[in-house]
2 protein chains.
Amino acid sequence: MTKSRAEMMSGAELEAALRRIGETRYHSLHPFQILLQEGRLNRPQVQAWALNRYYYQANIPVKDSYILARLGTVELRREWRQRILDHDGSETERGGIEKWIALTDGVGLDRDYVMSGRGILAGTRFAVDAYVHFVRDRSLLEAIASSLTELFSPNVIGVRTKGMLAHYDFISQDTLAYFDKRPVQAKRDSDFALNYCLEHADTREKQEAVMDALRFKCQVLWAQLDALYYAYVEPALTPPDAWRPGEAESGGKAP
Amino acid sequence: MTKSRAEMMSGAELEAALRRIGETRYHSLHPFQILLQEGRLNRPQVQAWALNRYYYQANIPVKDSYILARLGTVELRREWRQRILDHDGSETERGGIEKWIALTDGVGLDRDYVMSGRGILAGTRFAVDAYVHFVRDRSLLEAIASSLTELFSPNVIGVRTKGMLAHYDFISQDTLAYFDKRPVQAKRDSDFALNYCLEHADTREKQEAVMDALRFKCQVLWAQLDALYYAYVEPALTPPDAWRPGEAESGGKAP
C-alpha cells in the first residue's frame, strides 16, 4: 500500500488487498493442512481434525442466523438464507452438517460423542465462539466481510479432497461428500459477500474494517489448526479433558 | 463421586470436588509453566509469555466490572470492587496492570506495543475474550465460580517467583512486583467467592454449574499456555501477525 490510510481505495484495490490477505493467512497454508492433504497424518490425527471441525461446521448456521437477523431487507435475507439451507439441509437433501457427520462416521468416531461437543479442544471452542460473537457484535459490514475467507476455499478443497482420497485408506469419496458442493456454494456466496463489501465500504475506515474482519476470520481458522497441531502432532501435549486417540470409536454403532 | 447427579453434595463435598478440579487442571501443571519456573525458557520465550499474559491481566477489571454490574447489593459490590482497585490501582498505589507493565518493561518489551495488544497470539485473544463473554453472559453464580482458580494460585506464585529469580538474569525482584501482593489478595478473594458459591449453589444442578465454570476457567488459563508453547517452544510455528523474537524491543525507551 502506498496510499495513506486516509485515502479511499478503489474497488479493485480493495479486492486486491483482500486477496493478498488470503495469500498469506488463509489456512490452506497451515502446516497441519499440508500434513493432512499430503497423507502425512495418522488415523487418530485425522479423527481429531474431523471431530474438532464439526464444532465449527455446527456453528456456521448460528453465525449466519445472526447475520440474517440484521440484513434488514427481504432481498438480502433471501440471498443469505441459502447458506443456512445449505448447512442445515432439508427432508429431501442432506445439509453440510449432516455430511460432516458422515465424515466423522467414516473415520470411525461415535456420532453422539461428536455431536455433544465433548472432547473438542478448548482452542477450537474459543476460536469458533469468537467467530459467532464477532458476527453478532460487530457491524453488519464486518460480519459479512468475515465470511470472505470463502473467496479462497474453492481451489483448496479440490487439493485437499484429492490428497485425502489418494493417501488415506480409511477415507472414501462418500466420506468426503461434504466437499462436493462446497466450491460452487462458496463461489456463489463469496461473490455476493465481496460485492456487498465493495459497495458498502464507502469510507477508508470501513475499507480497513473489512480487511481487519477478514484477517480476524483467517485467525479463527488458523488458530483451530494451531490447536490441533499442538495437541495431536507436535508436541502432542493433549490438554486435560480433550479427546484422546482410541476414545469414542464408533465400533459397530455408526452406519 | 459415588453420588448420583441428582443428589445434592454437602458444602464440604462441593469444596473437595472443586479442589480436585484444580489438582488436575490448574495451569501450574502446564508444561510451559514448568519450563518457565525451572529456568528452561530463553529470553524471547519469557517475553512472549509476558506480552501475551498482559492481555489477560488487562481484561481482569473488565470481567470484574461485568460481575460488579450484576451483584445487586451495596455490600456485595463493596466486596467485589476491591478486585478492580487492586488491578487498576490509584494515584498513590500502582495496580496490577501497571505492575505487569513493569514486568514487560523488565524483560525489554516496548510498552506501547504491549499495551496495544498487537502481536498477541489469536489463541490468547480468543481465550481471554471467551472468559469476558462467559462472565457477561452466564449466570452470576457461574461468573463468580469462574474466579475460583484463585483458590490454587497462592502456592504456585511463590514457586514461580522463586524459580524465575533464581534462573533468569534478566528478571529482578522489582520486575516481579506484580506477584508480591497477589497471594494475599487471591486468598481473600477466593475465600469470598468460594463461600458465595457454597451458599448459592443450592441445587445439584447449580453445584454442577459451579464445577463446570471452574473447569471452563481452567481451560481459559491452560489454552493460553498451549498457544505459547506451540508458537514459541515446540514446534515453534509462530502464526502470521504474531510477535516474533527481536520485535518490539524497548531499547532505550522504557524506564
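How many aromatic pairs does the structure hold over all chains? The count is 24. Keep that in mind while touring this predicted model.

**Stop 1: both chains**

Show chains A and B together. Chain A can be laid on chain B by a turn of 180° and a shift of 0.0 Å along the axis, with an RMSD of 0.0 Å. The two copies are thus related as by a two-fold rotation axis. Now colour the interface. Of the interface residues of chain A, 100% are also interface residues in chain B, so the copies meet through the same surface.

**Stop 2: the annotated domain**

Select residues 16-226 of chain A. An unreviewed UniProt entry places the feature "domain: Thiaminase-2/PQQC" here. Over this stretch the chain is 76% helix and 0% strand. Its end C-alpha atoms are 27 Å apart.

**Stop 3: helix α10 of chain A**

Select residues 178-200 of chain A. This is α10, with 23 residues. From first C-alpha to last, α10 reaches 32 Å, close to the 33 Å expected at 1.5 Å a residue. Where does α10(A) bend? Centre on Val184(A): the bend there is about 30°.

Next, show the side chains. The buried residues of α10(A) include Tyr178(A), Phe179(A), Arg182(A), Gln185(A), Ala186(A) and Asp189(A). Further along, Ser190(A), Ala193(A), Leu194(A), Tyr196(A) and Cys197(A) are among the buried ones too. An α-helix has 3.6 residues a turn, so residues three or four places apart point the same way.

**Stop 4**

**Stop 5: the end of α11**

A pair of aromatic rings is described by the distance of the centres and the angle of the planes. Select Tyr232(A) and Trp243(A). They form a tilted aromatic pair, 5.7 Å centre to centre with 55° between the planes. Tyr232(A) belongs to helix α11 (residues 204-233) of chain A, while Trp243(A) lies in the segment after α11, eleven residues apart. Are these residues buried or exposed? Tyr232(A) has a relative accessible area of 8%, so it is buried, given the cut-off of under 20%. Trp243(A), at 0% relative accessibility, also counts as buried.

**Stop 6: across to chain B**

Finish with Trp100(B) and Tyr178(B). Their aromatic pair is edge-to-face: 5.1 Å centre to centre, 80° between the planes. Which helices does the pair link? Trp100(B) sits in α5 (residues 96-106) of chain B and Tyr178(B) in α10 (residues 178-200) of chain B, 78 residues apart. Both Trp100(B) and Tyr178(B) are buried.

Conventions. Residues are numbered from 1 along each chain as its sequence is written. Chains are lettered from A and ligands numbered from 1 in the order in which they are written. This is a predicted model: local features need pLDDT of at least 70, side-chain atom pairs count only at pLDDT 80 or more; totals for chains, interfaces and linings use all residues. Side-chain values use heavy atoms; hydrogens and water are left out. UniProt positions are given in the numbering used here, feature names are shortened, and annotations may be inferred rather than shown by experiment. Helices (H or I, at least four residues) and strands (E, at least two) are DSSP runs, numbered from the N terminus. Copies are superposed by least squares on the C-alpha atoms of residues with pLDDT of at least 70 in both. Contact means heavy atoms within 4.5 Å. The expected span of a helix is 1.5 Å times one less than its number of residues. The bend at a residue is the angle between axes fitted to the seven residues ending there and the seven starting there. Buried means under 20% relative accessible area, exposed over 50%, partly exposed in between (1.4 Å probe, protein chains only). Rings of Phe, Tyr and Trp (its six-membered ring) pair if their centres lie within 6.5 Å; planes under 30 degrees apart count as stacked, over 60 as edge-to-face and the rest as tilted.
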